[in-house]
Amino acid sequence: MGLERAIVLAASAIGAGLAMISGVGPGIGQGYAAGKAAESVARQPEAKGDITSTMLFGCAVAESTAIYGLVIALILLFANPLVKML
Amino acid sequence: MTGPRIIFRIPLFGGIPVTETIVNMWIFMALLCALAFWLTRDLKLRNISKRQIVAEKLVLTLDSLIENTMGPGHLKFAPYIGTLFMLSIVGSLSSLLGLRPYTADLNVTLGWALVTFFMIQVTSIKSRGVGGWLHKFIEPVPFILPLNIVSEIASPVSMSFRHFGNIAAGMVITSLLYSALAAASAVLLHLVPNAFIRSIPILQAGLPAVLSIYFDLFTSFLQAYIICMLTMVYVKNAAEE
């Protein structure tokens with residue numbers, strides 16, 4: 001294994017780790033949404049079903065940025081295009 | 001973790017690979033077709049069988065979900081949305097049987113998202129005409145055209161990546177947990193003299209099931225619901241313009 005390959009592999013591993021930092025934003029956002037949903041349930045317990053399904057829908061949509069980061073990390077780890085460029 | 005295994009190759013155009021994804025999906029498609037066929041035999045108006053009650057309940061649930069989300073007059077989309085939901089849920093839950101879930105393959109989810117994408121565009125053209133559909137791209141001001149095109153293309157990409165990413169992430173984390181538990185049980189058992197007992201990864205029993213409740217059951221249901229919900233919302237927006 002050449003030095004260039006080692007450098008590219010190490011940089012890809014670091015890059016995959018950095019890509020997963022994208023999980024921070026959705027984590028904060030989903031926590032905020034869940035907190036608001038808890039407040040709403042406390043105010044209107046009879047609308048619990050609607051609130052829960054709306055919250056889950058919003059959370060799953062907000063998650064997409066984290067998923068993009070995850071896809072980048074998966075590509076860097078399992079289908080690395082940079083190694084093939086050497 | 002690797003991509004789906006290639007089971008065999010069709011000897012055409014230099015060998016078309018047929019992967020685990022395709023084989024599993026055809027099996028489950030056949031099972032779903034058989035289920036639908038069995039549920040809808042000899043339907044009656046009076047004295048209905050238990051089987052017919054189940055079938056009617058399923059159809060009514062789907063119809064009421066679509067009416068609640070899209071409003072009345074959109075029931076013609078019910079077959080597509082029901083199919084999407086069933087295929088998605090069965091595919092993601094197939095990981096409980098130890099199969100590789102076919103929704104953890106971007107080809108499958110991207111295919112579904114592309115079908116939805118063309119459905120949105122055709123609905124939009126039907127409701128506004130070709131001129132109105134083209135005009136939508138230069139609203140509110142003409143120089144925003146590239147942004148509008150990107151945002152149209154982004155919807156199938158984000159829909160397919162979301163479904164694929166959630167199921168694939170569950171698969172990766174579960175396999176990481178399994179290998180970690182195998183290493184931990186090797187450490188735990190390394191003093192046992194019997195080589196056969198030493199090779200049993202005892203910690204793998206039980207613990208992954210807890211994670212499986214979230215990654216297999218909850219995520220599967222949620223993602224199937226999300227992809228149907230997004231389809232309904234996008235199509236409704238396209239139809240109402």
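**A loop residue to start with**

Mentor: B:N47 sits in the loop between α1 and α2 of chain B. Helices here are DSSP runs of H or I with at least four residues, strands are runs of E with at least two, and both are numbered from the N terminus.

Trainee: Is B:N47 buried or exposed?

Mentor: B:N47 counts as exposed, at 73% relative accessibility. The cut-offs are under 20% relative accessible area for buried, over 50% for exposed, and partly exposed in between, with a 1.4 Å probe and protein chains only.

Trainee: What is phi of B:N47 near?

Mentor: Phi of B:N47 is near 55°, a positive value in a residue other than glycine.

Trainee: Where does this model come from, and how is it numbered?

Mentor: This is a predicted model, in which local features need pLDDT of at least 70, side-chain atom pairs count only at pLDDT 80 or more, and totals for chains, interfaces and linings use all residues. Residues are numbered from 1 along each chain as its sequence is written, chains are lettered from A and ligands numbered from 1 in the order in which they are written, and side-chain values use heavy atoms, with hydrogens and water left out.

Trainee: What is the mean pLDDT of chain A?

Mentor: The mean pLDDT of chain A is 89, and 99% of its residues reach 70 or more. pLDDT is the predictor's confidence in each residue, from 0 to 100.

Trainee: Which elements of chain A have the lowest and highest mean pLDDT?

Mentor: The lowest is helix α5 (residues 81-84) of chain A, with a mean of 83, and the highest is helix α2 (residues 24-43) of chain A, with 93.

Trainee: Staying in chain A, what should helix α4 span?

Mentor: Helix α4 (residues 64-78) of chain A has 15 residues, so at 1.5 Å a residue it should span 21 Å. Its end C-alpha atoms are 20 Å apart, which agrees. The expected span is 1.5 Å times one less than the number of residues.

Trainee: Which residues of α4(A) are buried?

Mentor: The buried residues of α4(A) include A:S64, A:I67, A:L70, A:V71 and A:L74. The buried residues of α4(A) pack against α1 (3-19), α2, α3 (48-62) and α5 of chain A, together with α5 of chain B. Contact means heavy atoms within 4.5 Å.

Trainee: Which residues lie nearest its centre?

Mentor: B:A55, B:L58, B:V59, B:L62 and B:M86 lie nearest the centre of the largest pocket, out of 27 lining residues. α2(B) gives the most to that lining, with 9 residues. The lining divides into 21 nonpolar, 5 polar and 1 charged. Ala, Val, Leu, Ile, Met, Phe, Trp, Tyr, Cys and Pro count as nonpolar, Asp, Glu, Lys and Arg as charged, and the others, Gly among them, as polar.

Trainee: And the second largest pocket, how much space lies there?

Mentor: The second largest pocket has about 420 Å³. It is lined by 25 residues, and B:S95, B:L99, B:R100, B:P101 and B:M171 are the closest to its centre. α5(B) gives the most to this lining, with 7 residues. By class, the lining of the second largest pocket has 11 nonpolar, 10 polar and 4 charged residues.

Trainee: What does B:N24 touch?

Mentor: Not counting residues up to four places away in sequence, B:N24 touches B:L99, B:R100 and B:Y102. B:N24 is in helix α1 of chain B, and is buried, with a relative accessible area of 7%.

Trainee: Where does B:S88 lie?

Mentor: B:S88 lies in helix α3 of chain B. B:S88 is buried, with a relative accessible area of 0%. Leaving aside neighbours within four places in sequence, B:S88 is in contact with B:T103, B:W112, B:H163 and B:A224.

Trainee: And B:F143, buried or exposed?

Mentor: B:F143 is exposed, with a relative accessible area of 71%. B:F143 belongs to the loop between α4 and α5 of chain B.

Technical notes: 1 Å grid on protein atoms, 1.4 Å probe; cavity = no way out; pocket = protein on both sides within 12 Å on 5 of 7 lines; lining within 4 Å. Points joined across faces, edges and corners; volume = space filled by probe spheres on them.
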